[in-house]
4 protein chains.
Amino acid sequence: MRRLRLGMVGGGEGAFIGAVHRMAARLDGRWELVAGNLSSTPDKAARSAEAIGLARSYGSFEEMAREEAAQEDGIDAVSIVTPNHIHVPVAKAFLAAGIHVICDKPLTTDLETAQAFAAECAGYDAQFFLTHNYTGSPLVRQARQMVSEGMLGNIRLVHAEYLQDWLSRPADPENVQAAWRTDPARTGGAGAIGDIGTHAYNLACFVMGETASQLAADLQSFVGGREVDDNANILLRFGSGSRGSIFASQVATGTENGLKLRIHGDKGGLFWAQENPNELIFTPMGGVEQRITRGGAGAMSAAEAVTRIPAGHPEGYLEAFGTLYREIADHLSGADSAGLETVPGIAEAVAGMAFIDACQRSSKADAAWCDLTS
Amino acid sequence: MRRLRLGMVGGGEGAFIGAVHRMAARLDGRWELVAGNLSSTPDKAARSAEAIGLARSYGSFEEMAREEAAQEDGIDAVSIVTPNHIHVPVAKAFLAAGIHVICDKPLTTDLETAQAFAAECAGYDAQFFLTHNYTGSPLVRQARQMVSEGMLGNIRLVHAEYLQDWLSRPADPENVQAAWRTDPARTGGAGAIGDIGTHAYNLACFVMGETASQLAADLQSFVGGREVDDNANILLRFGSGSRGSIFASQVATGTENGLKLRIHGDKGGLFWAQENPNELIFTPMGGVEQRITRGGAGAMSAAEAVTRIPAGHPEGYLEAFGTLYREIADHLSGADSAGLETVPGIAEAVAGMAFIDACQRSSKADAAWCDLTS
Amino acid sequence: MRRLRLGMVGGGEGAFIGAVHRMAARLDGRWELVAGNLSSTPDKAARSAEAIGLARSYGSFEEMAREEAAQEDGIDAVSIVTPNHIHVPVAKAFLAAGIHVICDKPLTTDLETAQAFAAECAGYDAQFFLTHNYTGSPLVRQARQMVSEGMLGNIRLVHAEYLQDWLSRPADPENVQAAWRTDPARTGGAGAIGDIGTHAYNLACFVMGETASQLAADLQSFVGGREVDDNANILLRFGSGSRGSIFASQVATGTENGLKLRIHGDKGGLFWAQENPNELIFTPMGGVEQRITRGGAGAMSAAEAVTRIPAGHPEGYLEAFGTLYREIADHLSGADSAGLETVPGIAEAVAGMAFIDACQRSSKADAAWCDLTS
Amino acid sequence: MRRLRLGMVGGGEGAFIGAVHRMAARLDGRWELVAGNLSSTPDKAARSAEAIGLARSYGSFEEMAREEAAQEDGIDAVSIVTPNHIHVPVAKAFLAAGIHVICDKPLTTDLETAQAFAAECAGYDAQFFLTHNYTGSPLVRQARQMVSEGMLGNIRLVHAEYLQDWLSRPADPENVQAAWRTDPARTGGAGAIGDIGTHAYNLACFVMGETASQLAADLQSFVGGREVDDNANILLRFGSGSRGSIFASQVATGTENGLKLRIHGDKGGLFWAQENPNELIFTPMGGVEQRITRGGAGAMSAAEAVTRIPAGHPEGYLEAFGTLYREIADHLSGADSAGLETVPGIAEAVAGMAFIDACQRSSKADAAWCDLTS
């Protein structure tokens, strides 16, 4: 199989997630980064490209889409790692040019834009992927398989949370990361719910195999002057009868990237935490708690399929992220028909925006229950 | 100091919490159990008394209150460890007879009864104590002190939960514990919220130094045919601006007695779990996570005051429970004026019923916000 | 069953272990402390007795043994909680007077004294018990049962350690605990190996059902001027072919009472730590790691027999200690023939001294292998 | 900086560590794998090269060294990932051809060969690196810095262990990994001590900044018919006065890759475990235990220098391994003079063989103390 050619929009100087995408893409040797428009500021774009030794640098994403589509060795796919409000325009440009899109989450600033984009997507040959990276973790895959195969029975409760504390104080304007994440113009108004709440919600739904039907959300902006939410306490209801919650916070002092998932069914319970992703705690009803390890005796096929190294040698954040890149490569190369089942795409992108939208509507209505419509 | 004389109502054959109260009372050598009406069934009362070598056994609590009050060496206090609906009548009988009362929680079946009882209590010389036993744990005391002294700054979030799984299936009618706890007539209609939700709520309030002003509760009875709630997902608001949650569940497969407390303030965060009560995790804002151990270098005065053995030698559930008994003895003996600040009494008893009442009202209103009024 | 009458020698002002024995004896309501010679200094003995409300206080242990033996309601047993060098003279006085002895460990200062005492013991009607308290922990009992029933197969490795750091600096002469523990005259020359190494060794042997045949010990006194060992790194060999190690340290900075046991057999592995004694980690060969909890689904008969409260409610150090007192009471009351199998006695006392003796001989021979002879 | 060209010897079908080296080399984008002799069997070499899309495949390492040295775009360095007995001949061939060598550990089969090779190395311009990969972990770097800067004071104790259980049963001859690791001809006679004991020993020395002066080793082959050791219990002495131990086992049922390090100095203690490498437990003498996280508030310069992603996003085994590859690239590119201080080289290679040699001599002498000579 030939190595696929990758482009990148965003991810220049001072960015975090762009570098992550580049490492993730490199890990399994399936992609070669060859082109980019790493910043919307042409100077910075050129400087950033040089700093990472990028062969082809463009001053705008429109030019990049046009030029790459025209080249014989043009990129196969583009990674979009800009602030949220730019995702959709960039995605459209590349999809229209026949170039596949790998987009960071959340998809965009509002549900309406998302729905319109989703409708357009159906008309493109090129495909759209969304990097809800935690779903690439082997034991998240296993949790999904266990639920799907009925090992937990009927799911009664699902509690997901994503707690950080890095925005506990007013954001430093020099901090590029913090600046755009607390700017309603660039996020679409969502703070914690968009940046990390969508991850927690996506994780819960990925493992449950079901999206929520209703939620009640109590959003806060604890830090004075902040214009987006920095904390969200959310209750969930699912059509199947399951109940649950999402906590998303960027002011939970003492936490780092505390993404955790707990599921309780009438046949068993599960616990997984991304900060220690190599173990999955499973307790069959009435039985003894088991610590299933990635690569260990209790690992099932869905986990094994995305495991690189033996049990006891930790894989981490980049490995899970890299798994999405590998599966996308496999899928685009025609090597693996399973890719589309596990890699999030347009449906998950819209579901995430529906979650944000419902949170905002509910919170304005004093945490009244709101339907999630997508 | 002379050893105080204790009586007990409830706690006969098959009971759990009565034996716990007896061990807790014995641990520090401040109480001698001398009298009891261990069951409302006279035969069983006599048999149970004989089994534990109890000197004076009575066929009814009314007789016991009358007789003990009349004796020169009558009991100083009575422990009430019956099902909830009997607490208040028993308490009144003893308080009226001038005998102090140590009552298990929750106080009673409904808020109205609780309020009326509280009003009566003001007229008695004898005192009323409520065994929210977890507040006797040294590091819970420390958490309260840390909040009170401002070490966490302004509290933004408080999440408490108490998760069990022992009622995940329909209760075995032979199981005395399960039977009365799932019988609305004996609990007053509350299930998980009364049995364990009140503990979680009390713990949060004890550490915060504040009760909640509003809550929104989504209650469920997941097990078919169950007439009381077996799961509650609750959002909280406090007058001070803090937000939070209570999860109480008896169907959370894979949990045992998962009482946990997390508090996030603008100067620091705390985590404590009763299943491993000898450590308190504290992270000052912007600093390194610290594991404060009971008896260790970071232990503060409130913890030290109720610590029996050195750091690294675990104290547990009975020790915390015993601390309440010791503090009550100290207080009744006039030896320690501090007792009334830390041992829960009638105010906490009513606050617990107000919590249950608000949960039930909110859940009937589809989890609308309800005021807690006490 | 009547409550047994207990006496105590040692355990006066400033002592630690005496108070522990008193709490342990009280917990299950089987003992009443009625007499004592709490200090070898008569003044201090009287003051200490008054402080704890002790009915009968004596100025010397000889007088106490004589007087108690003569009284109709004299003590059934005496707890000896003095420094090591006094254990044997006191024990002899009481055994000779027909009073049972419950003695703290290690038995004495040297193996020869231990062996001579053991020979004498055979001639007494009264019985001798040794408080290796950790063996009272429910999951230690379970570990022993699992080994005994072959669930681990042939044992290949046993690693035990007991790490503390409270003597990392020169002992404060005001600290009564530290003073006698670092005084060779009162310990017999052993430091860490006697105070805590014997616990680790006893724990390993109790669970294995076998004492070691040979050891190689590298002892150190890291703190300047210290005349007893404060660290010991020891390799073990067992007659059955098992190999292992004991680490005992009082200068292991960052540890509190880190008593841990790991056993690896050809059918499974076990891990237990006294600082979190309510879980036992078991991994069957080729299977998934299990977290067996005290009182939980995986608890076996030996654990259940000494469990007081439900799974998830932690029992701790005092509870395990109290179990020995309860079993001794049961045994002396004729109620339980099993007591002698689980409560350590003279054989374990001599085995502990043989361990100390071999450590000292080996260390003097530059950690050469030495036989353990008892 | 141009991407360096890498070759590989070994790492064909069925191999484990070759694939790890390839992922590690790719992660940071500093290397391009362009040539290989992936197996000593020419057919298998060709098949393996094709499977991973390798441009230039050779039938023998001699040919590869010759040809690559002659090419203008020949490899800058070669990774040697064969069984131990082949390391040195391959290394010599490439070093002699002026190509840098990145060799897996242990260096070779015996100390004499190692010493002779070290002497030869001094005569080459090309450099030799050894992949003791765990030393690339950020918090291992921090531990070394903390020791070096005196934050632990004088080191009293260092306990390292590496426990596995995958060889608890006789090796499956079909398992390529197990087969050569238990074949004395290919390992030089060392089993667990060579494969994982050298990692534990290297880790201890790397952090201590000192190699051991003496050891006493008790080696076993628990599995019937095994010709190499599968367990080693080892005591250590250092010239500085520190004492310690190494446990290496491949029959420790219930463990996976349990590499752990504990250091106790007179000013503080440290704990690190490779299965959860993103935290370092530090307790200053007399202070509260701190959990330092990779990327978190307590991270120091040595850790920050090799950290890719924020605190709370776990890095793992491959990231640490990749750090060595990145540092070697930086060093060879002249970009970083610090590389040689942290990446193990010939001195560490010989020290590892001296460790193995001393273990074998000591064990034959019934665990007598032996000097480590290198």
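Between chain A and chain B the count is eight salt bridges, a salt bridge being a side-chain nitrogen of Lys or Arg within 4 Å of a carboxyl oxygen of Asp or Glu. This is a predicted model, in which local features need pLDDT of at least 70 and side-chain atom pairs count only at pLDDT 80 or more, while totals for chains, interfaces and linings use all residues. Residues are numbered from 1 along each chain as its sequence is written, chains are lettered from A and ligands numbered from 1 in the order in which they are written, and side-chain values use heavy atoms, with hydrogens and water left out.

**Stop 1: chains A and B**

Select Asp218(B) and Arg243(A): their side chains form a salt bridge at 2.8 Å, N to O. Next, show the strands of chain A that give two or more residues to the side touching chain B: β7 (155–163), β8 (212–220), β9 (231–238), β10 (243–249), β11 (258–265) and β12 (268–273). Strands (E, at least two residues) and helices (H or I, at least four) are DSSP runs, numbered from the N terminus. This side of chain A divides into 11 nonpolar, 17 polar and nine charged residues. In this scheme Ala, Val, Leu, Ile, Met, Phe, Trp, Tyr, Cys and Pro are nonpolar, Asp, Glu, Lys and Arg are charged, and the others, Gly among them, are polar.

Now select the whole contact (heavy atoms within 4.5 Å): 37 residues of chain A meet 37 residues of chain B.

**Stop 2: chains D and A**

Move to chain D, where 31 residues are in contact with 31 residues of chain A.

One to display joins the side chains of Arg3(D) and Glu32(A), at 3.5 Å, N to O.

**Stop 3: two helices in chain C**

Select α4 (residues 84–96) and α5 (residues 111–121) of chain C, which pack at an angle of about 5° with axes 11 Å apart. Axes are lines fitted to C-alpha atoms, for helices over the stretch in contact, and angles run from 0 to 180 degrees between N-to-C directions. The helices α4(C) and α5(C) are therefore roughly parallel, the term for angles under 35 degrees. Show side chains: Val88(C), Ala91(C), Lys92(C) and Leu95(C) of α4(C) meet Thr113(C), Phe117(C), Glu120(C) and Cys121(C) of α5(C).

Methods
Parallel < 35°, antiparallel > 145°, perpendicular 65-115°, else oblique.
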